[in-house]
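Thanks for coming, everyone. Let me put the model up, and then we'll go through it.

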Amino acid sequence: MKLTIVISTYNRTRDLGRALESVVRQTASPALWECVVVNNNSTDTTTADFAAFAAAHPDFRLRMVHEPKQGLSNARNCGVAAAQGEYIAIVDDDETLEALFVESYIAFFDA
């Protein structure tokens with residue numbers, strides 16, 4: 001696997017949903033990448049909403065890990081530790097990715 005997209009989130013399930021929609025619209029083969037969402041102690045419906053989204057998109061490697069120590073740096077470090085890709089892209093939960101993001105990212109680092 002070439003790329004892991006790491007998205008850290010805390011109580012922003014609506015934003016996360018938009019970010020994940022852009023993740024699954026990637027043009028690159030799902031075999032080349034995964035997406036790891038780090039739940040940093042959310043108290044909203046983040047866990048359930050992610051589980052439903054992942055179940056609705058079984059052709060993609062989408063997984064959630066939990067980081068109990070609060071803070072963006074802790075969450076990102078947890079995501080990096082969980083990553084299985086050769087490369088790692090850190091994406092915020094309120095960002096949306098262009099459809100060519102993964103393809104371009106891999107091409108850049110493989111050049």
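First, a term. A salt bridge here is a side-chain nitrogen of Lys or Arg within 4 Å of a carboxyl oxygen of Asp or Glu. Keep in mind that this is a predicted model. By that criterion, the structure holds eight salt bridges.

Let's start with Arg 12. Which side chains does Arg 12 meet in salt bridges? One is Asp 15, at 3.3 Å, N to O. Another is Asp 93, with the closest N and O atoms 3.2 Å apart. Here Asp 93 sits in the loop between E4 and H4, and Arg 12 in the loop between E1 and H1, so the pair ties together parts 81 residues apart in sequence. Then there is Asp 94, where the closest N and O atoms are 3.1 Å apart. Asp 94 also belongs to the loop between E4 and H4, so its pair with Arg 12 ties together parts 82 residues apart in sequence.

Buried or exposed: where does Asp 93 fall? Asp 93 counts as buried, at 7% relative accessibility. Arg 12 is partly exposed, at 31%.

Now the inside. In soluble globular proteins, nonpolar side chains tend to be buried together. In this model, the largest nonpolar core has 23 residues. Ile 5, Ile 7 and Cys 35 have the most contacts inside it. Strands E1, E2, E3 and E4 each give two or more residues to this core, and so do helices H1, H2 and H4. H1 gives the most, with four residues.

Look at Cys 35. Leaving aside neighbours within four places in sequence, its contacts include Ile 5, Ile 7, Leu 20 and Val 23. Arg 61, Leu 62 and Arg 63 are also in contact with Cys 35. A second, separate core has seven residues, among them Val 6, Val 65, Ala 75 and Ala 82.

On to the rings. The whole structure has five aromatic pairs. Take Tyr 105 and Phe 109. Their ring centres are 5.0 Å apart and their planes are at 45 degrees, so the pair is tilted. Both lie in helix H4, four residues apart, about one turn of the helix. Phe 109 is partly exposed, at 41% relative accessible area. Ring pairs link Tyr 87, Phe 101, Tyr 105, Phe 108 and Phe 109 into a cluster.

Last, the surface. Val 80, Ile 88 and Ile 90 make a nonpolar patch of about 200 Å². Ile 88 lies in strand E4, residues 87-92.

Definitions and conventions. Residues are numbered from 1 along each chain as its sequence is written. This is a predicted model: local features need pLDDT of at least 70, side-chain atom pairs count only at pLDDT 80 or more; totals for chains, interfaces and linings use all residues. Side-chain values use heavy atoms; hydrogens and water are left out. Patches are made of residues with over 30% relative accessible area and no salt bridge: like charges are joined within 9 Å, nonpolar side chains (Val, Leu, Ile, Met, Phe, Trp, Tyr) within 5 Å. Accessible areas come from the Shrake-Rupley method with a 1.4 Å probe; for residues, only the protein chains shown count as cover. A nonpolar core is a set of buried Ala, Val, Leu, Ile, Met, Phe, Trp, Tyr and Cys residues joined through side-chain atoms within 4.5 Å. Buried means under 20% relative accessible area, exposed over 50%, partly exposed in between (1.4 Å probe, protein chains only). Contact means heavy atoms within 4.5 Å. Rings of Phe, Tyr and Trp (its six-membered ring) pair if their centres lie within 6.5 Å; planes under 30 degrees apart count as stacked, over 60 as edge-to-face and the rest as tilted.
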